[in-house]
Amino acid sequence: MDIREKMHAGELYDPADEALAREQAECLEKLYDYNATRPSEGEKRAKMLREMFSEIGEGCYIEPPLHANWAGRHAHFGKNVYANFNLTLVDDTHIYVGDGTMFGPNVVVATAGHPILPNLRGSAPLQYNLPVHIGKNCWIGAGALILPGVSVGDNTVIGAGSVVTKDIPANSVAVGNPCRVLREINEHDREYYFKGRKIPGELK
């Protein structure tokens, strides 16, 4: 198994490998250019994202600055994904995001980890990566952290500041550290969009 296969198989590998480092540096040059674009350069940004990401659907909008270990090379975004400021993708392996999902500011999606055993984190620390899957029409609240190997089901809301350490099912509202399911999306949510504020009839 070569080092690139290890990257995507959850195996331990050396992230400082020279060939990997050169490849990663090229990606980060593109990310730097993306983050230097002007607010008026929407078409340019969209073109750059198509070049940087493994897959990105129509209508995606990622507000700079974007932070990503591989500039999105291992990120697969569906259509109409929205990300507010400071989305961080630790995309050392694959991150999958479904259509219509929204990220609040300062969200981190991490695929990489390091062994707990100290001698494996010494002068040449080893790393392993596990993919993250986020479904369609999710809302990931500001400051949430999604850890390696986690799946979030369709339509789910992750509360602001949550630390998602385990899979979260579809159609849920989940919050906390560690993140736990608070409740299912229900009939109350069809009537009210926030506390006592009713959804206007024409929007139901």
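Q: In which loop is Pro65 found, and which residue does a cis peptide bond join to Pro65?
A: Pro65 is found in the loop between strands E2 and E3, where strand E3 covers residues 67-68 and strands are DSSP runs of type E with at least two residues, helices being H or I runs of at least four, all numbered from the N terminus. The cis peptide bond joins Pro64 and Pro65, with omega at about 0°. This is a predicted model, in which local features need pLDDT of at least 70 and side-chain atom pairs count only at pLDDT 80 or more, while totals for chains, interfaces and linings use all residues. Residues are numbered from 1 along each chain as its sequence is written, and side-chain values use heavy atoms, with hydrogens and water left out.

Q: Where does a cis peptide bond involve Pro178, and which strands flank its loop?
A: A cis peptide bond joins Asn177 and Pro178, again with omega of about 0°, and Pro178 is found in the loop between E18 and E19.

Q: What should I look for around Gly57?
A: Start with its place in the chain: Gly57 is found in the loop between strand E1, residues 55-56, and E2. Leaving aside neighbours within four places in sequence, Gly57 is in contact (heavy atoms within 4.5 Å) with Phe77, Gly78 and Lys79. Ala46 is eleven residues from Gly57 in sequence and 9.9 Å from it in space, C-alpha to C-alpha.

Q: How do I describe the packing of helices H2 and H3?
A: Two packed helices are described by the angle between their axes and the distance between the axes. Here H2 (residues 18-35) and H3 (residues 42-52) pack at an angle of about 165°, their axes 10 Å apart, the axes being lines fitted to C-alpha atoms over the stretch in contact and the angles running from 0 to 180 degrees between N-to-C directions. That makes H2 roughly antiparallel to H3, a label for angles over 145 degrees.

Q: Which residues of H2 and H3 meet?
A: From H2, Lys30, Leu31, Asp33 and Tyr34 meet Arg45, Met48, Leu49 and Met52 of H3. The residues of this contact divide into five nonpolar, no polar and three charged, where Asp, Glu, Lys and Arg count as charged, Ala, Val, Leu, Ile, Met, Phe, Trp, Tyr, Cys and Pro as nonpolar, and the others as polar.

Q: What lines the largest pocket?
A: A pocket is an open set of points on a 1 Å grid where a 1.4 Å probe fits, with protein on both sides within 12 Å along at least five of seven lines, and lining residues have an atom within 4 Å of a point. The largest pocket is lined by 22 residues, and Trp139, Val157, Arg183, Asp189 and Tyr193 lie nearest its centre. Helix H4 gives the largest share of this lining, four residues, and by class the lining has 13 nonpolar, four polar and five charged residues.

Q: Which residues are closest to the centre of the second largest pocket?
A: Of the 13 residues that line the second largest pocket, Ala46, Leu49, Arg50, Gly59 and Cys60 are the closest to its centre. H3 gives the most to this lining, with five residues, and the lining divides into seven nonpolar, three polar and three charged residues.

Definitions and conventions. Parallel < 35°, antiparallel > 145°, perpendicular 65-115°, else oblique.
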